[in-house]
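Me: Could you walk me through this model? I'd like to go through the packing and then a few local details.

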Amino acid sequence: MKNRLIMKHLWAAALFAIVVMTSAGAAFAAESTVKLNIPMWCVSCPYMVQRVLENVEGVAGVAVSYEDQSATVTFDDQRTTVAALTEATAEIGFPATLAAE
């Protein structure tokens, strides 16, 4: 009887440890928002920039402004980086730089 009680406690502790370890990564993930300066030449450019940024893994939202020549991107900083965002825009001919805050 005593051994069964010990085993129940061990299983409960092991299950708790597994739950904590698997959710720890999500607890440290943070949503970041950055503004990128992106030179655009025509009114259809923002559409292309938005589509390529939305396809970067970890991006949660994109707002592109032709008037401001910029894109505001919200992303999970555990899944992507600013470098990945600027690389994605550069690959389609729109070199982006991080806007000064």
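Me: Which elements do the buried residues of α3 pack against?
Reply: Quick note first: this is a predicted model, where local features need pLDDT of at least 70, side-chain atom pairs count only at pLDDT 80 or more, and totals for chains, interfaces and linings use all residues. Residues are numbered from 1 along each chain as its sequence is written, and side-chain values use heavy atoms, leaving out hydrogens and water. Helices (H or I, at least four residues) and strands (E, at least two) are DSSP runs numbered from the N terminus, contact means heavy atoms within 4.5 Å, and buried is under 20% relative accessible area, exposed over 50%, partly exposed in between (1.4 Å probe, protein chains only). With that, the buried residues of α3 pack against β1, α2, β2 and β3.

Me: How wide is the arc that the buried residues of α3 fall within, seen down its axis?
Reply: The buried residues there are L85, T86, A88 and T89, while A83 and E91 are exposed on the other side of α3. The arc is that of the directions from the helix axis to the C-beta atoms. The buried residues of α3 line one face of the helix, because they fall within an arc of 155°.

Me: And α2, what arc do its buried residues fall within?
Reply: In α2 the buried residues are C45, P46, V49, V52 and L53, and they pack against β2, β3 and α3. They line one face of the helix too, since seen down the axis of α2 they fall within an arc of 135°.

Me: How far apart are the sulfurs of C42 and C45?
Reply: A disulfide is a pair of cysteine sulfur atoms within 2.5 Å, and the whole structure has zero. C42 is partly exposed at 33% relative accessibility, whereas C45 is buried at 3%. The sulfur of C45 is too far for a bond with its closest cysteine sulfur, in C42, because the distance is 3.3 Å.

Me: Is the aromatic pair of W41 and F94 stacked, edge-to-face or tilted?
Reply: Rings of Phe, Tyr and Trp (its six-membered ring) pair if their centres lie within 6.5 Å; planes under 30 degrees apart count as stacked, over 60 as edge-to-face and the rest as tilted. That rule gives one aromatic pair. The rings of W41 and F94 have centres 5.2 Å apart and planes at 35°, so the pair is tilted.

Me: How many residues apart are W41 and F94?
Reply: W41 is exposed at 57% relative accessibility, whereas F94 is buried at 3%. W41 sits in the loop between β1 (31-37) and α2 (45-54), and F94 in the loop between α3 (82-91) and β4 (97-98). The pair links distant parts of the chain, with a separation of 53 residues.

Me: Which residue has a positive phi although it is not a glycine?
Reply: Just after α3, G93 takes a positive phi of about 95°. The non-glycine one is in the loop between β2 and β3, with a phi of about 55°. That residue is Q69.
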